[in-house]
Amino acid sequence: MADATKIEWTDATWNPITGCAVVSPGCTNCYAMKLAGTRLKNHPSRKGLTKDTKAGPVWTGEVRLNRQWLDQPLRWTSPRMIFVCAHGDLFAAGVDQVWIDHVFAVMALAPQHTFQVLTKRPERMREYMLGMSSRRSFIAGYGALVRGGNLPDHYETAYEALAKPLPNVWLGVSVEDQKRADESIPILLDTPAAIRWISAEPLLGPLDLTCIHQPNAGSGPWWFDALTTDRMGWFHDEAATKPTDEDPLAFSGYSRLDWVVAGGESGPGARPMHPDWARSLRDQCAAAGVPFLFKQWGEWAPQVGAVDGWTIPDDPEISRRDHRDWEDDRWGDPYRPMWCDDLDDDTVSRVGKRYAGRLLDGIEHNGFPEVRR
């Protein structure tokens, strides 16, 4: 855990639970997994959580409660945005529900902070949040214990604070492509939360948040717009009109996304992100008035220097690095020319995260939802 972090959308990380399992393509180059299997492999909080493979360290699925760190946010008095379980997943299958209770108790007792929860298991997160009211007495009791029996003045009791979604807890899901978005976002929007958000990092394909696909529900497959609360329709309806009130799928019950974070992949084995994928998310959010944060290009950046804030200098060290072209809806094999003549959006170069930066069309996007107390 760290009281300072280089992650662009948060101020600190808190790891009361470590360990995870690979569940989607976005997990392949997980930085936390690689770190747990290399530099931190003998640290008590990480030891045994990964196994060595030909592809490098891979999560074993084992998870660990780090009790020594549970009350850390209570000792941070000045307000912070805190990324919860940055090196794990609070809702992973092996995480005991009592551990989750402990984490929520601490979050309830630290209203000065904003806690950012991100999961790849939205089903379990929804189940937990829907059942929280039946467990709030236990959570409040544990919260009073870790607080030394003294509840914060902000709440009459922790019990009452947990009667509804905590205003300082943002619940999010990680979605790297349209398939994962279609699967996870409807569950997220059906989950009680003060703020709902997504992290599209690493962004591995185009993502249309205005058309989230849903399976056949009697009259055929349908879609809805995750950035608004009043747009949905049937796929067989070319006009994509909103259903009438009599329609059994009349749009109700869902909220909209409050925040979108996007970024490319960094580190060894990183996969490129097409700039049009990031631009599309930026434009979708702008049209809907939803805050958008562009975290990074990652390891690969497009060769459009005048637009995106960097140029490939006449430097043999740069020109010998890997380049890839977008061909037939996929990235071609890496190549290393002495110089690239065609500088356009369909070519990316492996220049590294620091050199690539985080400017999208020359602008740094740092949108955040309003912090609620």
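## Basis of the report

The model is predicted, and local features need pLDDT of at least 70, side-chain atom pairs count only at pLDDT 80 or more, and totals for chains, interfaces and linings use all residues. Residues are numbered from 1 along each chain as its sequence is written, and side-chain values use heavy atoms, leaving out hydrogens and water.

## A buried aspartate

Asp 101 belongs to helix H3 (residues 97–108); helices (H or I, at least four residues) and strands (E, at least two) are DSSP runs, numbered from the N terminus. Leaving aside residues up to four places away in sequence, Asp 101 touches Tyr 128, Arg 135, Phe 138 and Ile 139 (contact means heavy atoms within 4.5 Å).

## Salt bridges

Side chains of opposite charge can pair when their charged atoms come close. The whole structure holds 19 salt bridges (a side-chain nitrogen of Lys or Arg within 4 Å of a carboxyl oxygen of Asp or Glu).

In one of them, Asp 89 pairs with Arg 121, with the closest N and O atoms 2.9 Å apart. Asp 89 lies in the loop between strand S6 (81–84) and H3, and Arg 121 in the loop between strand S7 (114–119) and helix H4 (122–130), so the pair ties together parts that are 32 residues apart in sequence. Asp 89 is buried at 3% relative accessibility, and Arg 121 is buried with a relative accessible area of 12%.

How values were computed:
Buried < 20%, exposed > 50% of the residue type's maximum accessible area, 1.4 Å probe, protein only.
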